[in-house]
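Hi everyone, thanks for coming.

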Amino acid sequence: MEITATYATISAVPQLDLWWVLLAPLFPLLGFLALALLPRRLRNDLRFVPVVGVAASLAIAVAAAITIWPGGPINESFYALSWSLGTVGSLPLMLSFSVDSLAVIMLIMVSLVGLCVQVYSLKYMKDDERIGWFFCIKSLFLAAMLAFVLSGGLLLQFAFWEVMGLCSWVLIGFWYKNKAPRKASQKAFLFTRAGDVGFFVALSAVFVAAQSFEFDQIFATAPTWSPFLLGVVAFGLVWAAIGKSAQFPLSVWLPDAMAGPTPGSALIHAATMVVAGVFMLVRMLPVIELSPAAMSTILAVGIITALYGALLACFQKDLKKVLAFSTISQLGFLFAAIGVGSAFVAVFHLTTHAFFKALLFLAAGIIIHVTGTQNMRKMGGLLKRMPVTFAVFTIGAFALAGVIPLAGFFSKDEIFKAMLYFGQDTGQYAAFIGVALVGVMTAFYVIKSWLSIFFGKPAADIDKVHEGSALELAPVIALAIPATLLGFAVIPLGGFLDYPSHWPPLYMVALSTVIMLTGALLGFVAYVLSKRNAPSNRFRFVIAAAEQRFYLDAFYTYGVVKPYFWLSKALWQFDERVIDGVVDAVAWIYQKASQSLDWLDNRIIDGVVNGAAWTYVLLTRLTRVFDVRIIDGIVNGIGHLSISLGGRLRTIQSGEVQWYQRLVVGAVIVVLGIFTILYAVSTLGGA
């Protein structure tokens, strides 16, 4: 894969010039960057900077809603900004931001809840020595969520998805010196990362199928994908959402996330991380609904999660744990709505839930702060001491329970109606029965908790209990306004998303009210019985199972974690005893072979080489002696003989004529004598 970094001209598409909407995530990001590199003391002093940043984001979001009013269909953008990051082979790698009606609604919800949480934190975290860092991370968290909802493609969405995961890990483990936050942050990180594997697989399949990560290209080509690729994409995204939105069976991380500071919990549980999975499924619904198996899975997971979370919330004594399991249950509602194809219903309940759940978490933080306990059995009688907190908590609790005319009633009614109509279309009402049971249990634990906190005999030191400060109450009151009135906006909100919404019909109002009253009555009875300790004796086995979260954590502990460590230890021992033994044996053999080879080299190879060298030296010496004594002796002897003979013969050349005459005569006589002798010998021989 060849990636070439080229930067093309940025192209802005469409109808409205809304480039300024893309500044919404920029302001919280600047708040993070402004504080991240500062010393701790200066960062703590400038903690108001992120508050100003998210306030600017809220102003942009509201202005965007006014500008694009009356809205339009989901996934039809009013403005898009895209650029080429490079190429993958011959395919351009595009990134983009897009502004549509769904993104604008999410911008308002996230920035409003984020602003309330930031203001609340100014007082709640004032004594923490790392308060500046807390504001810094929350600002990055909000920037990532705002950019996530504006992303115009899956690749960019995945990048901000991962940033949110990192921020949640930091926020949950913010008090890292304590064991519980450390463990909880690790648990959240691992479980959400397990879900992220599905997102990564889906990304790969999307690029193979659509040759792009952009939503418009994905939606245009999805009907032509092969069933296999469609299934991989749909189930990969569903699995990712299950991890991020704490659905069964990956929901166990969310209750433990309460170990972090309450404002961080409110942000995670209400407006950012846990709703990211739901938002992603709504955004990708045109693709996912092409897979009936994936839609059925989403519906089943949603119903199971809603029942699981609601049932566990019924048996909790810890106020924050009640709200945590309530969040799991309400997220199951959202999944169920997506599973029947009701994108608007999911978005509507996601929005109302964000407001009343953030309200409940922040109000619970005030209660816990002034009472010094999270155990509801140690509370009670707080109505007179905390009337404002009582009022806003009541709005949030009753909205969660579905009391008319609060926002939660309208959004839950839409879910009940969607499940009822789905049952009429399929001939199976199991989904409706499931959500109805969840509605009963929700009203049950809400009323039981509400009565335990504010009524009855005070269990805490009531004299030390006081109302929250203005900085704590102001954001909670601000959240109480949409938690109260947002339900009345069901029709304009539906029109904004191009969904034909209507006022709830009377039969649905009656049905929803009956469901709520049934649970409320049971909650009141349970509260009365709890004062007599009756539930502990009558339902002790169920309570014991609920305290263990129906053994889902035990399943992961003994079915996954401990086997993993056992396998790791077994592999370590196998490595130490077998692999290391084999390696040591091979090393020993190598050592012995090396020693043998050294001996062979020293004794044989070196002996041969040294012997050859010694022989060569000896032969060269003998050759030298032969050359010097024999060859040179013969040559030199011949030379000396020649010189000696020459010296003798030279005396013949005397220069006297008489000597030459005598020499000639003597030579003739010698020659004649020789011939005479030879003749005589030959004559005698012939005779």
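Before we look around, one term: buried means a relative accessible area under 20%, exposed means over 50%, and partly exposed is in between, worked out with a 1.4 Å probe on protein chains only. Residues are numbered from 1 along each chain as its sequence is written, and side-chain values use heavy atoms, with hydrogens and water left out.

So, how confident is the predictor? pLDDT is its confidence in each residue, from 0 to 100. The chain averages 86, and 94% of the residues score at least 70. Confidence is highest in helix α9, residues 227-244, at 95, and lowest in strand β1, residues 3-4, at a mean of 37. Over residues 1-14, pLDDT stays under 50. The model has 30 contacts beyond four places in sequence for that stretch, a contact being heavy atoms within 4.5 Å. Where pLDDT is low, the predicted coordinates should not be read in detail.

Now for a couple of helices. Take α4, residues 101-124. The expected span of a helix is 1.5 Å times one less than its number of residues. For the 24 residues of α4 that gives 34 Å, and the end C-alpha atoms are 34 Å apart, which agrees. Of those 24 residues, 19 are buried, so α4 is largely enclosed by the rest of the structure.

Then there is α16, residues 343-371. Its 29 residues should span 42 Å, and its end C-alpha atoms are 41 Å apart, which agrees. How many of the 29 residues of α16 are buried? It's 28, so to speak a mostly covered helix.

S168 sits in helix α6, residues 154-172, and is buried, at a relative accessible area of 2%. Leaving out residues up to four places away in sequence, S168 touches F141, I268 and M273. The other serine, S265, belongs to helix α11, residues 262-271. S265 is buried as well, with a relative accessible area of 2%. Beyond neighbours within four places in sequence, S265 is in contact with A257, M258, G260, K320 and F361.

A cavity here is a set of points, on a 1 Å grid over the protein atoms alone, where a 1.4 Å probe fits but cannot get out, and lining residues have an atom within 4 Å of a point. Grid points are joined across faces, edges and corners, and a volume is the space filled by probe spheres set on the points. The search of the whole structure turns up three cavities of 30 Å³ or more.

Helices α15 (319-339), α17 (387-401) and α19 (430-454) each give its lining at least two residues. Among the lining residues are L319, F393, Y445 and W450. Ala, Val, Leu, Ile, Met, Phe, Trp, Tyr, Cys and Pro count as nonpolar, Asp, Glu, Lys and Arg as charged, and the others, Gly among them, as polar. By that scheme the lining has ten nonpolar, two polar and no charged residues.

The second largest cavity holds about 60 Å³. Its lining includes F409, K412 and M516, and divides into five nonpolar, three polar and one charged.

Most residues other than glycine have a negative phi, and most peptide bonds are trans. Here, W69 and P70 are joined by a cis peptide bond, omega about 15°, and P70 is in the loop between α3 (48-68) and β3 (79-88). The bond from F248 to P249 is cis too, with omega near 10°. P249 lies in the loop between α9 and α10 (253-256), and A246 is found in the loop between α9 and α10. A246 has a positive phi near 55°, and is buried, with a relative accessible area of 0%.

Methods. This is a predicted model: local features need pLDDT of at least 70, side-chain atom pairs count only at pLDDT 80 or more; totals for chains, interfaces and linings use all residues. pLDDT is the predictor's confidence in each residue, from 0 to 100. Helices (H or I, at least four residues) and strands (E, at least two) are DSSP runs, numbered from the N terminus. On a 1 Å grid over the protein atoms alone, a cavity is a set of points where a 1.4 Å probe fits but cannot get out, and a pocket is an open set with protein on both sides within 12 Å along at least five of seven lines; lining residues have an atom within 4 Å of a point.
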